[in-house]
Amino acid sequence: MSASRRCTLAVLAVLLYPGACFDGPGMGRIARPILAETWMQSRTALEQLAIPNRNIKVWLPPAYDFQVSTRYPVLYVHDGQNVVDDAESWTGHSWRLASTLSRLISAGQCREVILVCVDNVTDRRRFEYSDSPVGDAYLGFLCDDIKPWIDKEFRTLPSAKDTSVMGSSLGGLAAFCSMWKRPDVVGHCACLSPVFQMPLLLDVALNGGRRRSSFSRIYIDNGGDTDEQRVELWDWKDGSNPGYWWLDSQLQPGVDAMRQALGLHETPFKYHREPGGRHNERGWSLRMERPLLHLFGLDPGVTL
């Protein structure tokens with residue numbers, strides 16, 4: 001299907017179903033990062049043993065191919081195989097990130113953004129998405145290796161103030177660590193149902209006053225049981241694989257501790273609690289516009 005036909009169909013979908021989000025690239029297109037892939041193929045066996053190679057997908061916004069002198073902010077996303085296409089997601093339902101972003105761009109609510117979706121390596125995920133030496137090595141892989149190649153190949157705005165990272169669950173922890181530990185590279189983060197761990201919580205509580213960037217935007221959300229609504233034991237819309245649907249209630253103490261740690265230093269952040277929200281890709285897709293508007297919204301008066 002041609003790019004113009006795909007864009008026309010996406011616009012019609014937005015007009016006919018303005019509140020809906022579908023899987024797939026929406027009004028943008030998926031590109032392969034050739035330079036990053038070529039660099040990864042040249043890595044030594046020892047380097048790959050430490051941090052294995054992985055697939056990367058780049059989503060280019062609708063105007064990228066037409067406004068050839070324009071540069072764009074970049075959102076790096078952990079668990080890249082789970083964020084755009086339902087067929088690639090381990091639960092059978094993706095974040096539907098690209099289609100949600102397309103809808104917000106079409107409505108004039110959001111900046112056009114380049115998405116860099118970095119796949120996880122399943123058996124290494126819990127180590128790489130952690131506040132640990134392995135997590136630091138993965139962070140170096142993202143910030144010092146992948147990002148420079150992306151900046152060379154695509155028309156990005158490369159500064160930290162135009163670079164954000166987003167993730168869910170352990171990926172939410174990794175997103176916060178990206179901004180917290182590498183403010184020279186990453187300016188903003190969005191953490192969906194994050195698994196905040198004690199070393200990071202202590203670091204933020206003790207050092208929060210001097211570690212954050214003055215321009216940083218931080219978004220945190222989670223679901224779980226609330227006084228208004230409990231997480232349902234079963235939801236047919238999850239399909240055959242509901243993921244770790246119950247987990248947000250157990251993660252609430254860590255989220256509360258992070259909010260308190262940030263508050264100690266009057267660090268601004270946006271927090272959203274989704275009553276009864278489920279800890280899976282479908283649950284995150286239902287509130288995906290919230291982090292996007294916080295990071296890239298055009299109307300400062302829009303709050304969700």
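**Figure 1. Overview of the chain in this predicted model.** Helices, taken as DSSP runs of H or I with at least four residues, and strands, taken as E runs of at least two, are numbered from the N terminus. Counted in this way, the chain has eleven helices and eight strands. The model is a predicted one, and of the 304 residues in its chain 55% are buried. When contacts between residues at least 6 apart in sequence are considered, 78% of them join residues that are at least 24 apart.

**Figure 2. Close-up of the packing of helix H2 with helix H6.** Helix H2 spans residues 34-41 and helix H6 spans residues 133-153, and the two pack at an angle of about 135 degrees with their axes 7 Å apart. Because of this angle, H2 is oblique to H6. On the H2 side the contact is made by Ile34, Leu35, Ala36, Trp39 and Met40, while H6 contributes Phe141, Asp145, Trp149, Lys152 and Glu153. Sorted by class, the residues in this contact of H2 with H6 are seven nonpolar and three charged, with no polar residue among them.

**Figure 3. Close-up of the crossing of helix H6 with helix H7.** Helix H7 covers residues 170-181, and its axis comes within 11 Å of the axis of H6, the two crossing at roughly 70 degrees. H6 is therefore roughly perpendicular to H7. In this view Asp136, Leu139 and Leu142 of H6 meet Cys177, Ser178 and Lys181 of H7. The residues of the contact of H6 with H7 comprise three nonpolar, one polar and two charged.

**Figure 4. Close-up of the aromatic residues around tyrosine 138 and phenylalanine 141.** The structure holds nine aromatic pairs. In the pair shown here, the ring centres of tyrosine 138 and phenylalanine 141 lie 6.4 Å apart and their planes stand at 35 degrees, so the pair counts as tilted. Tyrosine 138 and phenylalanine 141 are separated by about one helical turn, because they are three residues apart in helix H6. Both tyrosine 138 and phenylalanine 141 are buried, and they belong to one aromatic cluster together with Trp39 and Tyr129.

**Figure 5. Close-up of glutamate 128 and its surroundings.** Glutamate 128 lies in helix H5, which runs over residues 125-128. Glutamate 128 counts as buried because its relative accessibility is 2%, the cut-off for this class being under 20%. Apart from its neighbours within four places in sequence, glutamate 128 is in contact with Ile51, Pro52, Arg54, Val134, Gly135 and Tyr138. With one of these residues, arginine 54, the side chain of glutamate 128 is joined by a polar contact of 2.8 Å. Although glutamate 128 and alanine 174 are 46 residues apart along the chain, their C-alpha atoms are separated by 8.0 Å.

**Figure 6. Close-up of helix H4 and the glycine that follows.** Helix H4, made up of residues 97-106, is mostly covered, with nine of its ten residues buried. The buried residues of H4 are Leu97, Ala98, Ser99, Thr100, Leu101, Ser102, Arg103, Leu104 and Ile105. After H4 comes glycine 108, whose phi is positive and near 75 degrees.

Key:
Residues are numbered from 1 along each chain as its sequence is written. This is a predicted model: local features need pLDDT of at least 70, side-chain atom pairs count only at pLDDT 80 or more; totals for chains, interfaces and linings use all residues. Side-chain values use heavy atoms; hydrogens and water are left out. Axes are lines fitted to C-alpha atoms, for helices over the stretch in contact, and angles run from 0 to 180 degrees between N-to-C directions. Angles under 35 degrees count as roughly parallel, over 145 as roughly antiparallel, 65 to 115 as roughly perpendicular and the rest as oblique. Contact means heavy atoms within 4.5 Å. Ala, Val, Leu, Ile, Met, Phe, Trp, Tyr, Cys and Pro count as nonpolar, Asp, Glu, Lys and Arg as charged, and the others, Gly among them, as polar. Buried means under 20% relative accessible area, exposed over 50%, partly exposed in between (1.4 Å probe, protein chains only). A polar contact is a pair of N or O atoms within 3.5 Å; within protein, one must be able to donate a hydrogen and the other to accept it, and residues adjacent in sequence count only if both atoms are side-chain atoms. Rings of Phe, Tyr and Trp (its six-membered ring) pair if their centres lie within 6.5 Å; planes under 30 degrees apart count as stacked, over 60 as edge-to-face and the rest as tilted.
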